[in-house]
Amino acid sequence: MKLNELIRKAANILDTPFLVLDLSYVDKNYDRLKKSISNVEIYYAVKANSHNEILELLNNKGSSFDAASIGEIKKLLSIGVDPKKISFGNTIKKEKDIKFAWENGIELFAVDSEMEVEKISKNAPGAKVYGRIETSSNDADWPLSNKFGTDVDHVISILEYAYRKELIPYGVSFHVGSQSYNKHKWKEAILNASEVFEKLAEKGIYLKLLNLGGGMPVQHVKPIPEVEEIGEVINESIKEYLGWVDGLRVFTEPGRSMVGNAGIMASRVLLRSRKGTKSWVYLDVGVFHGLMETIENFRYEVVVDKKENHEKMIMTLAGPSCDSVDTIYDEVELPVDIDYGDIVYFINTGAYTIEYASPHFNGITPPVVYTIKELEIEVEKYLSKNI
Ligand SMILES: *Cc1c(COP(=O)(O)O)cnc(C)c1O
């Protein structure tokens, strides 16, 4: 999302840090994705940003939801989401949460192990399950693979086991890794998924669901493939490998790509110092209060207000807490004259920022979240008090 006059004005007069969300981007992201993949059903991955207005907007647009926990499920139910439009996509669940979900009308659960099948068959008898296959997420900035999914043969045997346990083996899912730059990853994963469909069909078990997971990237500092390009690879791969499946349902679970470009984080410089030959800049936001992904060197575009075109040099950028892990970037280009009180923006930070922010580490509160409308009101309030 673009920095505009309102955001700059607000950052100059309001307390920082804050995260501003422009929901019109979410609206557009949804429509674009829906158009790019044939007959797709969108299951928004709530964990990327669970702001109520995002969930309500997507619910009104007809979206479904991928929930990671009972907390997310309860939040979705509380705003009136149809439980049939919720998938319990975490492969690691508590039995009582499975039971709660099932009793509240949720029918779809992810598995990647026999034990999870047993828990589901006991607490949600007759539920639909889909098996998650592993992918190599080496073209992605944020891995989601090692911990989840298993090999094709194992997924086949897990789904057969589910069948014997009187669950409905419903389909296959994968996740190519979050912020993936390689559109061909989806082709490779769909080919692997099709093997599960084929081998089970030979045994008389007919799957219905291909769940494409998330992984679509957001524009930061490197070029990214467009949604339409990824969609084209997906559409062709489905036609080629799964064209034979009757009544195939195709899900996608965007998190980052649905909300990432709908946010900007505004912060201030608290301190600048020199240590040996290194320049350090400390902000009022850091790793524990919204910029968690930077610990894996996830790169955001960093803009210093009013110094955009100044000469730059390499500095170290850190957060405010008493913890060395709270270092945002060991090396990042910043204006040579960056100084106390300067406003620093992190662009396209709508996903996986506020959700990760600790509510109390070091007694520091997370950034305040404003929608554009709320930000306008805050600025008005300030101006009417200060003329
Ligand atoms: C986190 C997650 C997603 C969202 O991934 P993005 O890369 O943010 O789009 C989708 N599906 C599952 C199962 C997830 O855990």
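An oxygen atom of the ligand lies 2.8 Å from a side-chain N or O atom of His175. That is a polar contact, meaning a pair of N or O atoms within 3.5 Å. Glu253 makes another: an N or O atom of its side chain is 2.6 Å from a ligand nitrogen. A polar side-chain atom of Asp66 sits 3.5 Å from a nitrogen atom of the ligand. The protein covers 94% of the 390 Å² of accessible area that the ligand has on its own (Shrake-Rupley method, 1.4 Å probe).

This is a predicted model: local features need pLDDT of at least 70, side-chain atom pairs count only at pLDDT 80 or more, and totals for chains, interfaces and linings use all residues. Residues are numbered from 1 along each chain as its sequence is written, and side-chain values use heavy atoms, with hydrogens and water left out.

Now the shell around the ligand.

Step back to the fold. The chain has eleven helices and 18 strands, taken as DSSP runs (H or I, at least four residues; E, at least two) and numbered from the N terminus. Its C-alpha atoms fill a box of roughly 70 × 40 × 40 Å along the principal axes.

Two backbone details stand out. Most residues other than glycine have a negative phi, and most peptide bonds are trans. Thr16 and Pro17 are joined by a cis peptide bond, with omega about 0°. Pro17 lies in the loop between helix 1 (5-13) and strand 1 (18-21). Asn39 is not a glycine, yet has a positive phi of about 55°. Its place is the loop between helix 2 (23-36) and strand 2 (40-45).

Conventions: Polar contact = N/O pair within 3.5 Å; in protein donor to acceptor, adjacent residues only side chain to side chain.
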